[in-house]
Amino acid sequence: MTLKRILISLGGLILILALAFILYMYPFYHFFFTVENTVIDKDLTVLSGAGNSGLLVTDSAVVVIDTKMSSMAEKLYMLAREKAGNKKIIVINTHFHGDHVNGNKLYKGCPIYIGGYDNAFLAKQIDAKNRPTMLVKDSLTLLLGNETLTMYNLGQGHTFDDMVVYLQNRKVLFTGDLVFNHINPALFKDGGTNIEKWEAILKMIPNRWEIKTVVPGHGLPGGPNMITEQEKYFEDMQTAASQPDKASEVKARYKEWRDMPTMASTSRTIDFIREK
Ligand SMILES: [Zn+2]
């Protein structure tokens, strides 16, 4: 075989591999980067694309829950500005991950709340221009006229200080990434993921708030059963991790749950639990 033919074969192989990679990644990228609106009511919209964001219009302010990243963040910001008119904008970050905070820089001069992380940790994780301005160590209630909103720092679960946001009149709970709706969850040891503590939070939530609608960190909003489904997911993955003969049966039960290529799948969750 001449060198030329070897190079042509090699080029063809690289092209096929590149195409296969694109086909493998495309469904996730399409899902992750498409902004779609779910209208909960005329004053509350959930926008997908990166993490879910909430856009709440109240008598006294517009509240943005999680600010997305890149062009999706700009779309959200434009909409928030348009809805706000002369009202102030209040920003809340459920946790520090980039897909939830990287649009913060657009909200110049607005208060930006996040859970009570250690300051040095936050400084390492979020660049200065996106850094929140207020830490919520325990909870904080905002009286907004026709809605009362409370942020609760629930401590360690998905990260070291996960915050949920409860809208009292609507009975809507924004869980951030403590809940992924039929998507395998992203787990990061360095960022504080602790599955036992995460499960304890999921067990506690239904007893603490009356909930009609759950807005997860990723995936469609839905009913409170989403919380118990997430809890059951971890329980099942723990069974699979400790009893390898049951792993394939457990994985099959979650085959409809979306993977995040290179980041999240049933296998990765099981490995994460085993490596603990
Ligand atoms: Zn996250």
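Arg170 is buried, with a relative accessible area of 17%; buried stands for under 20% relative accessible area, exposed for over 50%, and partly exposed for what lies in between (1.4 Å probe, protein chains only). The model is predicted, and local features need pLDDT of at least 70, side-chain atom pairs count only at pLDDT 80 or more, and totals for chains, interfaces and linings use all residues. Residues are numbered from 1 along each chain as its sequence is written, and side-chain values use heavy atoms, with hydrogens and water left out.

**Salt bridges**

Side chains of opposite charge can pair when their charged atoms come close. A salt bridge here is a side-chain nitrogen of Lys or Arg within 4 Å of a carboxyl oxygen of Asp or Glu. The structure has 8 salt bridges by this rule.

| Arg170 | Glu147 | 2.9 Å |

The side chains of Arg170 and Glu147 meet in a salt bridge. Arg170 lies in the loop between strand S10 (163-167) and strand S11 (172-180), and Glu147 in the loop between strand S8 (139-143) and strand S9 (148-153), so the pair ties together parts that are 23 residues apart in sequence. Helices (H or I, at least four residues) and strands (E, at least two) are DSSP runs, numbered from the N terminus. Glu147 is buried, at 0% relative accessibility.

Asp236 is buried, with a relative accessible area of 7%, and Lys232 is partly exposed at 38%. Both residues belong to a network of salt bridges that links Lys232, Asp236, Glu249 and Arg253.

**Aromatic contacts**

A pair of aromatic rings is described by the distance of the centres and the angle of the planes. Rings of Phe, Tyr and Trp (its six-membered ring) pair if their centres lie within 6.5 Å; planes under 30 degrees apart count as stacked, over 60 as edge-to-face and the rest as tilted. There are 12 aromatic pairs in the structure. In one of these, the rings of Tyr233 and Trp257 are stacked, because their centres are 4.8 Å apart and their planes stand at 10°. This pair links distant parts of the chain: Tyr233 is in helix H6 (residues 225-242) and Trp257 in the loop between helix H7 (247-253) and helix H8 (266-275), 24 residues apart. Tyr233 is buried, with a relative accessible area of 0%, and Trp257 is buried at 8%.

Trp257 also pairs with Tyr254 in an edge-to-face arrangement, with 5.2 Å centre to centre and 80° between the planes. Tyr254 counts as buried at 7% relative accessibility. One aromatic cluster is formed by Trp198, Tyr233, Phe234, Tyr254 and Trp257.

Another ring, that of Phe272, has Lys189 over its face, at 4.0 Å from the ring centre. The criterion is that NZ of Lys or CZ of Arg is within 6 Å of the ring centre and within 35 degrees of the ring normal.

Two strands pair if DSSP finds at least two bridges between them. Strand S1 (residues 37-41) and S2 run antiparallel and are joined by 4 bridges. Val39 stands opposite Thr45 in S2, and the hairpin of S1 and S2 has 2 residues between the strands. S2 also pairs with strand S3 (residues 53-57), in the antiparallel sense and over 4 bridges. Here Val46 has Gly54 in S3 as its bridge partner. S2 and S3 form a hairpin with 5 residues between them, and Gly49 in the turn has a positive phi of about 100°.

In a regular strand the side chains alternate between the two faces of the sheet. Strand S2 (residues 44-47) is covered on both faces: Leu44 and Val46 on one side are buried, as are Thr45 and Leu47 on the other.

**Nonpolar surface patch**

Leu3, Ile6, Leu7, Leu10, Leu13, Ile14 and Leu17 make a nonpolar surface patch of about 700 Å². Patches are made of residues with over 30% relative accessible area and no salt bridge; like charges are joined within 9 Å, and nonpolar side chains (Val, Leu, Ile, Met, Phe, Trp, Tyr) within 5 Å. Accessible areas come from the Shrake-Rupley method with a 1.4 Å probe, and for residues only the protein chains shown count as cover. Leu13 is in helix H1 (residues 3-33) and is partly exposed, with a relative accessible area of 48%.
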